Amino acid sequence: MTTPLWPYVTPGIPDDLFERLPGIPMTKRETRLAILSMLRLSANSVLWDIGAGTGTISVEAALMIPQGRVVAIERDPDVVQLIRTNCDRFGVKNVRVVEGSAPDCFGLLKQPPDRVCIGGGRPLKDLLETAWERLPLGGRVVALSTSLEGLYALSEALAEVQALNIEVVQAAGNRLERRANSQVLAAIDPLFILCGEKGEG
């Protein structure tokens, strides 16, 4: 699906096209592309975006699967409104924004996911394991962490649920920026991306 603000079928919306709030993290475009590729969305996927933040993953996924559904879960009321604003900016109608703390709010969600993206929430291990229970066979979870502690917790959780086809990627990159009279490469904060598939277990 295309939109006047992003009239292309490819993902990779520039960061500055999204509305932002001070102090609310945003998944940068380069990292977002890696996450979307690891989700392996189908045309009719149901994606739970847990800790949706600015809503960049929710918006890009919704544009990729106009016949599918995205549930953006966020506990902060101001951030919930930010997600809605970004959905409106891009004209996506297949995103449901849920205000609540995960996993406590999972009981409100009647349609189970076949894809889960965990971008935030605590404790990460419990969150992944609880979301995993909702996945059907063949479902995928992609989880993110900026810390070694988070990497360890998520790795442990994927091992305990006996996830298949586990991948661990550290996404990092640099962008050209202008500073005074010079152009320099500025580092994008590195991020651990983990994913696994649900099999017979």
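**Reading charge, strands and backbone**

Me: To begin with a single side chain, is R140 buried or exposed?

Reply: R140 is buried, because its relative accessible area is 1%, and the cut-off for a buried residue is under 20%. Please keep in mind throughout that this is a predicted model.

Me: With which residue does R140 meet in a salt bridge at 2.6 Å, N to O?

Reply: The general idea comes first: side chains of opposite charge can pair when their charged atoms come close. In this structure, the side chain of R140 meets that of E197 in a salt bridge, with 2.6 Å from N to O. This pair links distant parts of the chain, since R140 belongs to strand 5 and E197 to strand 7, 57 residues apart. E197 counts as buried because its relative accessible area is 17%.

Me: What is the distance between the closest N and O atoms of R140 and E167?

Reply: Those atoms are 4.0 Å apart, and R140 and E167 form a salt bridge.

Me: Which residues are linked with R140 in a network of salt bridges?

Reply: The network consists of R40, R140, E167 and E197.

Me: How many salt bridges does the count come to?

Reply: The count comes to 11 salt bridges. One of them joins R32 and E60, whose closest N and O atoms are 2.7 Å apart. This pair also links distant parts of the chain: R32 is in helix 1 (residues 29-39) and E60 in helix 2 (residues 56-64), 28 residues apart. Both R32 and E60 are buried.

Me: Turning to strands, in which sense do strand 5 and strand 7 pair?

Reply: To read a pairing, one notes the sense, the number of bridges and the partners. Strand 5 (residues 140-145) pairs with strand 7 (residues 182-197) in the antiparallel sense, over six bridges. Within this pairing, L144 has I193 of strand 7 as its bridge partner.

Me: How many bridges join strand 6 to strand 7?

Reply: There are 13 bridges between strand 6 (residues 164-179) and strand 7, and the two strands run antiparallel. L176 stands opposite L185 in strand 7. Strands 6 and 7 form a hairpin with two residues between them, and A180 in the turn has a positive phi of about 60°.

Me: Do strand 1 and strand 2 run parallel or antiparallel?

Reply: Strand 1 (residues 46-50) and strand 2 run parallel, joined by five bridges. L47 stands opposite V70 in strand 2. Strand 2 (residues 69-74) is mostly covered, with five of its six residues buried.

Me: What is the phi of N165?

Reply: The phi of N165 is near 50°, again a positive value in a residue other than glycine. N165 lies in strand 6, and at 52% relative accessibility N165 counts as exposed.

Me: Is the peptide bond from A102 to P103 cis or trans?

Reply: The bond from A102 to P103 is cis, with omega near 5°. P103 lies in the loop between strand 3 and strand 4 (115-118).

Technical notes
Residues numbered from 1 in each chain as written. Predicted model: local features only at pLDDT ≥ 70, side-chain atom pairs only at ≥ 80, totals over all residues. Heavy atoms only, no water. Pairing = 2+ DSSP bridges. Helix = DSSP H or I, 4+ residues; strand = E, 2+ residues; numbered from the N terminus. Buried < 20%, exposed > 50% of the residue type's maximum accessible area, 1.4 Å probe, protein only.
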